[in-house]
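Thanks for coming, everyone. Please bring the model up on your screens. I will walk through it in a few minutes.

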Amino acid sequence: MAGKTIPIESDPNTEVACRDVGGEERSLLRRVVDQFADHCRARSLFVLHYCTGCGAIELPPSITARFDLERMGIQPMATPRQADILLITGYLAVKTLKRVILTYEQMPGPKYVVGFGSCTINGGMYWHSYATIKQLGNYIPVELYIAGCMPRPEAIQQMFLELMARIDRGEARAWEDYYRRYDAYLAQQQSLFGTRWEGPTDVVAEARRYGLLEHQTLGPHTAHLERYAPYHRELGVPLADKRGSGSLV
Amino acid sequence: MTAEQVPTPVDEVLSQLPGLEISRVSGSRVKLRVPGQRLPGLLALLKGQAGYLHLSAISCVDWPQTDEFELVYHVWSYETKVMVSAHVRIPREPGRYVSVYDLFIPAGYFERDIHEMFGVEFEGAPDLRPFVLTEWHGPPPMLKSFSSIDYVEEQYDWRDYRPDWLADVEQRGGGIEET
């Protein structure tokens with residue numbers, strides 16, 4: 001995790017902080033270790049492919065003998081809790097998006113979302129459909145997109161190489177944005193699902209765990225989660241009005 | 001009397017009901033126009049006398065020109081191997097019809113679906129709660145009066161896409177046609 005700022009004092013009151021991170025851990029040695037970890041991580045990626053609509057023709061050749069991504073350390077994985085990459089292949093209906101967010105939030109960081117095909121970029125050929133979302137990046141942070149309808153297996157391979165290079169360089173950090181600006185992502189989710197929407201994961205607690213809790217993490221939209229976890233009172237963030245400002249943004 | 005002229009069980013049933021407009025689409029398909037009040041009786045007769053146990057689907061068509069909904073009941077008999085499609089037209093206002101759940105239990109799901117997508121009320125249907133749409137607050141989306149594009153423009157925003165090659169094309173007088 002090269003370049004990551006580890007907070008000098010972690011919050012002793014939170015049950016999710018495992019240990020105190022001392023100043024010496026931010027030393028040069030630590031950064032070398034982080035870089036080495038990134039280097040290794042880039043060569044062992046588990047992919048959870050969420051085939052929402054397409055990609056069932058293009059992915060098997062990428063994974064199996066024809067192009068054999070396993071020689072680069074990339075392997076399909078069955079569960080989100082053991083996966084590094086969430087591959088969203090194709091269009092997302094509003095209903096599917098809900099499941100994707102639940103899946104995404106179960107993945108441990110660092111995690112990388114790849115939007116696959118035109119539909120995740122700007123709606124694709126479903127641009128005028130009332131039932132599908134247009135920009136995946138509004139709802140969860142996307143590391144890379146592959147344009148095309150459909151992208152060829154070569155494009156998938158190119159994407160994985162690019163992703164590996166980025167992870168190796170310590171640049172693939174779009175996932176941190178979800179914690180840093182959780183309120184904005186939640187706002188978009190609430191505009192579709194209503195203000196009673198909640199995931200199974202305590203994202204704010206995770207943000208504290210990763211040291212990514214910033215002033216945009218909490219806001220008027222996370223205030224709707226107040227009944228599940230009272231962070232606003234604890235952390236002194238002012239509560240929004242309860243009239244349901246869910247359709248903001 | 002040749003074999004082709006022998007009345008089939010379907011014909012026998014159909015001859016018992018007045019007011020039907022019958023057209024044979026092919027040897028295995030019969031299309032009927034049925035007055036609204038005759039449809040439950042017709043389905044009961046078909047089920048009881050010609051082995052029409054299987055309701056394949058109920059579909060709905062919105063006709064804005066005549067302000068009507070057209071409900072199409074597709075029933076299939078494993079005995080006669082003839083598909084009967086019964087077309088009923090009901091006025092859009094108030095858009096109410098009777099449920100055939102008591103004849104065919106699967107009708108419950110079809111009616112629930114049509115209620116959600118077209119807003120048709122089925123009297124006697126066991127369950128007309130929202131079905132497949134997720135947190136839907138708009139009008140029934142399959143109505144012809146529903147503008148999907150307007151809804152999309154309101155609900156979602158678009159990513160700006162101005163690549164360099166498009167600027168080149170526009171300089172040469174081309175471009176993307178905005179409708």
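Start at A:Ile88. Leaving out residues up to four places away in sequence, A:Ile88 touches A:Tyr50, A:Thr52, A:Val100, A:Val113, A:Val114, A:Gly115, A:Phe116, A:Thr120 and A:Leu136. Contact here is defined by C-beta atoms, placed from the backbone, that lie within 7 Å.

A word on the ground rules. This is a predicted model, where local features need pLDDT of at least 70, side-chain atom pairs count only at pLDDT 80 or more, and totals for chains, interfaces and linings use all residues. Residues are numbered from 1 along each chain as its sequence is written, while chains are lettered from A and ligands numbered from 1 in the order in which they are written.

Now the core. Which residues of the largest nonpolar core touch the most other members? They are A:Ile85, A:Leu86, A:Leu87, A:Ile88, A:Val113, A:Val114 and A:Ile140, out of 50 residues in that core. Helix 5 of chain A, residues 153-169, gives the largest share, five residues. The core lies between domain 1 (42-172) and domain 2 (173-249) of chain A, because both give residues to it. Those bounds come from an automatic or database domain assignment.

Apart from this core lies another, of 31 residues, including B:Leu39, B:Leu43, B:Leu46 and B:Ile58. By nonpolar core I mean a set of buried Ala, Val, Leu, Ile, Met, Phe, Trp, Tyr and Cys residues joined through C-beta atoms within 7 Å. Buried means 20 or more other C-beta atoms within 10 Å of the residue's own; exposed means 12 or fewer; partly exposed is in between; C-beta atoms are placed from the backbone. As background, nonpolar side chains in soluble globular proteins tend to be buried together.

Next, the domain boundary in chain A. 18 residues of domain 1 contact 15 residues of domain 2. On the domain 1 side, helix 3 (residues 94-106) supplies the largest share, six residues. That side has ten nonpolar, three polar and five charged residues. Nonpolar covers Ala, Val, Leu, Ile, Met, Phe, Trp, Tyr, Cys and Pro; charged covers Asp, Glu, Lys and Arg; polar is the others, Gly among them.

Then the chain interface. Eleven residues of chain B are in contact with 14 residues of chain A. The chain B side divides into seven nonpolar, two polar and two charged.

On to chain B itself. Five helices and seven strands. These are DSSP runs, H or I of at least four residues for helices and E of at least two for strands, numbered from the N terminus. The order from the N terminus is α-β-β-α-β-β-β-β-α-β-α-α. The C-alpha trace spans about 80 × 40 × 30 Å along its principal axes. Buried residues are 20% of the 179 in chain B.

One residue there: B:Arg29, in strand 2 (residues 29-33) of chain B. Is B:Arg29 buried or partly exposed? Partly exposed, because 13 other C-beta atoms lie within 10 Å. B:Lys81 is 52 residues from B:Arg29 in sequence, and 8.9 Å away in space, C-alpha to C-alpha.

Last, confidence. pLDDT is the predictor's confidence in each residue, from 0 to 100. Chain A has a mean of 82, with 81% of its residues at 70 or more. Chain B averages 88, and 94% of its residues score at least 70. Residues 240-249 of chain A stay under 50. For the complex, the predictor gives an ipTM of 0.76 and a pTM of 0.79.

Methods: Contact = placed C-beta atoms within 7 Å.
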